[in-house]
Amino acid sequence: MPSLDERVDAHVSKGLWTKVAREIEMYDCEQPGTPATAVVYAKGLLSYLICGELNGARFLFRRLPEAEQNDPSVTAVWEIGKALWRHDTKGAHEEIARHTWSNELHPIVDALQRMCCLYKGFIRNG
């Protein structure tokens, strides 16, 4: 069976953002006490944001172990999420530009940036 990273990357490569988020949720349920990597969690948070599921992103972030919450990439993604929660797409773009993204996260951040242009009236945070 492919690893969590491989399954997540397969969904990312196809732009199946909902499946990325669900894959991580299933892993967390099936493997309690065995956290995924910070990069995988950043991909999950970004996937929720792309789908406009801010509550899902918020709950995922709150579930993360402290070490993963404090990872610079996860923190940067969460700053984008907080801006989107406030319906501040300009602030979200500023947060995207403020961080230097890894090669693994850059394509997902690009997809999010494109979605931010469509976000008005799309965000579900309640």
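**Reading cysteines, a buried residue and a helix pair**

Modeller: Start with Cys-29, which counts as exposed at 65% relative accessibility. Keep in mind that this is a predicted model.

Biologist: And Cys-51, is that residue buried or exposed?

Modeller: Buried: the relative accessible area of Cys-51 is 16%, and the cut-off for buried is under 20%.

Biologist: How many disulfides are there?

Modeller: First the idea. A disulfide is a covalent bond between the sulfur atoms of two cysteines. Here the count is zero.

Biologist: Next, Ile-80. Where is its place?

Modeller: Ile-80 belongs to helix H6, residues 72-85. Its relative accessible area is 0%, so Ile-80 is buried.

Biologist: Which residues does Ile-80 touch, leaving out those up to four places away in sequence?

Modeller: Leu-49, Ala-92, Glu-95, Ile-96, Trp-101 and Leu-112. Take Glu-95: 15 residues separate it from Ile-80 along the chain, yet their C-alpha atoms are 5.6 Å apart.

Biologist: Now the helices. How do I read a packed pair?

Modeller: Two packed helices are described by the angle and the distance between their axes. In this model, the axes of H4 (residues 54-63) and H6 come within 10 Å and cross at roughly 145 degrees. The crossing of H4 past H6 is left-handed.

Biologist: Which residues make the contact?

Modeller: H4 gives Leu-54, Asn-55, Ala-57, Arg-58 and Phe-61. H6 gives Val-74, Trp-78, Leu-84 and Trp-85. By class, that is seven nonpolar residues, one polar and one charged.

Conventions. Residues numbered from 1 in each chain as written. Predicted model: local features only at pLDDT ≥ 70, side-chain atom pairs only at ≥ 80, totals over all residues. Heavy atoms only, no water. Disulfide = S-S within 2.5 Å. Buried < 20%, exposed > 50% of the residue type's maximum accessible area, 1.4 Å probe, protein only. Helix = DSSP H or I, 4+ residues; strand = E, 2+ residues; numbered from the N terminus. Contact = heavy atoms within 4.5 Å. Axes fitted to C-alpha atoms, helices over the stretch in contact; angles between N-to-C directions. Left-handed = near helix turned anticlockwise from the far one by under 90°. Nonpolar A, V, L, I, M, F, W, Y, C, P; charged D, E, K, R; others polar.
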